[in-house]
Amino acid sequence: MASDEPKAKKPKLSEEEKPEPPPKENAVKISTNSLFGMGNPLLDICAVVDKDFLDKYSLKPNDQILAEAKHKELFEELVKKFKVEYYAGGATQNSIKIAQWMIQEPHKVGTFFGCIGKDKFGEILKQKAEEVHVDAHYYEQDEEPTGTCAACITADNRSLVANLAAANCYKKDKHLDLEENWKLVEKAKVYYIAGFFLTVSLESILKVAKHASENNKLFCMNLSAPFICQFFKDNLMQVMPYVDVLFGNETEAAAFAKEQDFDTKDIKEIARKAQALPKDNKKRQRVVVITQGKDETVMAQSDKIETFPVVKTDPKYIVDTNGAGDAFVGGFLSELVQEKPLDQCVKAAHYAANVIIQRAGCSFPEKPDFK
């Protein structure tokens, strides 16, 4: 029976004396450089512009295009005329920085390789990567300027103009093969490369993918865009045997299925068939994860197909869905690198994507609120 005696008050502990909180259930101690990404680094330059600016460069209010000769002056003019914000961007770099944001500590869990120019935008990109605690090791060359992506905002619309420039110039022998860089690759246990990089350096992807496979580490890839599945099919299929986790959205999955003669438009069936494609490392079953915007996410592993509902968001809070796919992957990787169960990886992926669509660009608050 409980005693009625008054309990002595516990003395308050100072911050220094407070015991550390117990580690999260199933948490694995995570070290720097555990997660490796390689891709096309772009400096995102975001600004609110006027209709005259869009008209001058023949831009639609809501579009994603590659820069042409007529857009040559756009980037400098954007910086001169409008109040701009800079972010470290590009698909893979976005995913690595989101994963790092979700993990928080330690800093520099994520390593990133890519090519930039020796110029002002390159210096800003290095600074921005550092600010989000990503351990970026860029190959710097002076033949092409640093890749940029202008985000021209008008009301609720964003017109994106990407100039890959230096991002297209990555060289395996000039960077990846260097001893100090390869050591960083060897430190990692999870690898992620977006399909866009298949257009730049297939040999670099294959070197990393084979290393992962031979050492029973996790190699993840993204279909990235329908044109990758169509026009870079041969490159993609050279890498596919090494892919442990394959990401894509419903449009990319449909293009992939068509190119692979899967003879189905059913997303679950496409995931199942992609999962069953030949694989080099037999110790790990491939996992295929397909997102469908606001509809359920589909995951195929071994003989199982699972679906996961997406976090519902009131449309009035949705600011910009452009970074949702990159954020989804970043959230997923943040848990994968901590060896969490796959359903927890999807939960984190949905959380990260939900945060990013409520903000302009691939940006985030100081700390995640993910449990």
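Me: How much space lies in the largest cavity?
Reply: A cavity here is a set of points, on a 1 Å grid over the protein atoms alone, where a 1.4 Å probe fits but cannot get out. Grid points are joined across faces, edges and corners, and the volume is the space filled by probe spheres set on those points. For the largest cavity, that comes to about 50 Å³.

Me: What kind of model is this, and from which number does residue numbering start?
Reply: It's a predicted model, where local features need pLDDT of at least 70, side-chain atom pairs count only at pLDDT 80 or more, and totals for chains, interfaces and linings use all residues. Side-chain values use heavy atoms, with hydrogens and water left out, and residues along each chain, as its sequence is written, are numbered from 1.

Me: How many cavities of 30 Å³ or more are there?
Reply: Rolling a probe the size of a water molecule over the atoms shows where empty space is left. With the cut-off at 30 Å³ or more, the count is one.

Me: Which elements give two or more residues to the lining of the largest cavity?
Reply: Lining residues are those with an atom within 4 Å of a cavity point. Here they are Leu223, Leu246, Phe247, Gly248, Ala253, Phe256, Ile270, Ala274, Val288, Val289 and Ile290. Helices (H or I, at least four residues) and strands (E, at least two) are DSSP runs, numbered from the N terminus. The elements giving two or more lining residues are strand 11 (245-249), helix 10 (250-259), helix 11 (267-275) and strand 12 (287-292).

Me: How many residues of that lining are nonpolar?
Reply: Ala, Val, Leu, Ile, Met, Phe, Trp, Tyr, Cys and Pro count as nonpolar, Asp, Glu, Lys and Arg as charged, and the others, Gly among them, as polar. The lining has one polar residue and no charged ones, and its nonpolar count is ten.

Me: How many residues of strand 2 are buried?
Reply: Buried means under 20% relative accessible area, exposed means over 50%, and partly exposed is in between (1.4 Å probe, protein chains only). Strand 2 spans residues 42-48 and is mostly covered. Of its seven residues, the number buried is six.

Me: What is the bridge partner of Cys46 in strand 7?
Reply: Two strands pair if DSSP finds at least two bridges between them. In strand 7, the partner of Cys46 is Ala151.

Me: Which residues does Asp326 touch, beyond those up to four places away in sequence?
Reply: An unreviewed UniProt entry marks Asp326 as "active site"; such annotations may be inferred rather than shown by experiment, and UniProt positions are given in the numbering used here, with feature names shortened. Asp326 is found in helix 12 (residues 324-336) and counts as buried because its relative accessibility is 16%. Contact means heavy atoms within 4.5 Å. Setting aside residues up to four places away in sequence, Asp326 touches Ala91, Asn94 and Ser95.

Me: Why does Phe53 count as buried?
Reply: Phe53 lies in helix 1 (residues 51-56). Leaving aside neighbours within four places in sequence, its contacts are Leu74, Glu77, Leu78, Phe82 and Cys152. Phe53 is buried because its relative accessible area is 1%.

Me: How far apart are the C-alpha atoms of Ser204 and Lys172?
Reply: Ser204 is in helix 7 (residues 202-214), and it counts as buried at 0% relative accessibility. Its contacts, apart from neighbours within four places in sequence, are Met38, Tyr170, Lys172, Leu176 and Phe197. Ser204 and Lys172 are 32 residues apart along the chain, and their C-alpha atoms are separated by 5.4 Å.

Me: Is Glu339 buried or exposed?
Reply: Glu339 has phi near 60 degrees, a positive value in a residue other than glycine. Its place is in the loop between helix 12 and helix 13 (342-356). With a relative accessible area of 52%, Glu339 is exposed.

Me: What is omega for the peptide bond from Glu105 to Pro106?
Reply: Pro106 sits in the loop between helix 3 (91-103) and strand 5 (110-117). The bond from Glu105 to Pro106 is cis, with omega near -5 degrees.

Definitions and conventions:
On a 1 Å grid over the protein atoms alone, a cavity is a set of points where a 1.4 Å probe fits but cannot get out, and a pocket is an open set with protein on both sides within 12 Å along at least five of seven lines; lining residues have an atom within 4 Å of a point.
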